[in-house]
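The following exercises concern one protein model.

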Amino acid sequence: MVNLLLVSLRYGETAPAVAAAEYRDICEAAGLTQEQTTHLIIDSTKVQLPDLKQFDGVIVGGSSLNITNDEWSDWQHHIHQQLASLVEAELPVFLICFGASWLAHHVGGTVGHTHAETSGKTIVRLTPEAAQDALARHLPQEFTSLTGHTEAVESLPVDSDDVTVLADGPTCPVQLLRVGDSTWASQFHAEMDAVAMKNRMDFFYDYGYFSPEDYLDIVNSLPEIDTTWSNELITIFVRYCATNAVAH
């Protein structure tokens, strides 16, 4: 049985509720049970990652943090340190949304506001490199997903063999990337369906992910957006973790 660590990067009064919704969304997208998962909420500088040797892989949810903030709080510095230790560990890691910005920054790339996307539908298109990737090779050439972010990857190191862009899109040039052999990050919310997106919009109504005037139009459009393959990506990652664990 696969054993995964699910990490929520949440802070403040809404942290428990947002983390619980995030945990539920990831488990539903991947078909995971409570027996297969451990949920860790890093909501303060006192919370450390557990011994990673007991897990077959790690999924890290999104966050309201931004790389582009003028100043980083002690909590954000702590989050960056914890994520760096995940990348350095010898196990598969999948990061969602904020994780793409952090990962790009971590490897020497740049993050900005040029390719921000409002909450709702986005289009994901695989790059040629995806055909050789352990996860992306199982996906169709183009699929739709749900998204919402105020910052995004603007550039990645061009002289690094460790960084691979696996998917881009018409509104965001880095939708899925891999660093090394076993760390992935999606800019889109691979764990979300229409219900999950509506719930997350309610949590972050005034955060800038969408215009409040557009709230009803966005919510009404969500059921028509096909998230089958973006959700499948989480399932593919879980299968990869299980297979990788058996092989090692």
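**Exercise 1.** How are α2 and α3 oriented to each other: roughly parallel or roughly perpendicular?

*Solution.* The model is predicted, so local features need pLDDT of at least 70 and side-chain atom pairs pLDDT 80 or more, while totals for chains, interfaces and linings use all residues. Residues are numbered from 1 along each chain as its sequence is written, and side-chain values use heavy atoms, without hydrogens and water.

Step 1. Two packed helices are described by the angle between their axes and the distance between the axes.

Step 2. Helix α2 (residues 74-88) and helix α3 (residues 98-106) pack at about 75°, with axes 11 Å apart. Helices are DSSP runs (H or I, at least four residues) and strands likewise (E, at least two), numbered from the N terminus. Axes are lines fitted to C-alpha atoms, for helices over the stretch in contact, and angles run from 0 to 180 degrees between N-to-C directions.

Step 3. Angles of 65 to 115 degrees count as roughly perpendicular (under 35, roughly parallel; over 145, roughly antiparallel; the rest, oblique). Therefore α2 and α3 are roughly perpendicular to each other.

**Exercise 2.** Identify the residues that make the contact of α2 with α3.

*Solution.* Step 1. Contact means heavy atoms within 4.5 Å. Helix α2 contributes Ile79, His80, Leu83, Ala84 and Val87, and α3 contributes Phe98, Trp102, Leu103 and His106.

Step 1. These residues divide into 7 nonpolar, 2 polar and no charged. Here Ala, Val, Leu, Ile, Met, Phe, Trp, Tyr, Cys and Pro count as nonpolar, Asp, Glu, Lys and Arg as charged, and the others, Gly among them, as polar.

**Exercise 3.** Classify the aromatic pair of Phe143 and Phe188.

*Solution.* Step 1. The structure holds 11 aromatic pairs (rings of Phe, Tyr and Trp, its six-membered ring, with centres within 6.5 Å; planes under 30 degrees apart are stacked, over 60 edge-to-face, the rest tilted).

Step 1. The ring centres of Phe143 and Phe188 lie 5.9 Å apart with planes at 80°, so the pair is edge-to-face.

Step 2. Phe143 belongs to strand β7 (residues 142-149) and Phe188 to the loop between β11 (183-186) and α4 (194-203), so the pair links distant parts of the chain, 45 residues apart.
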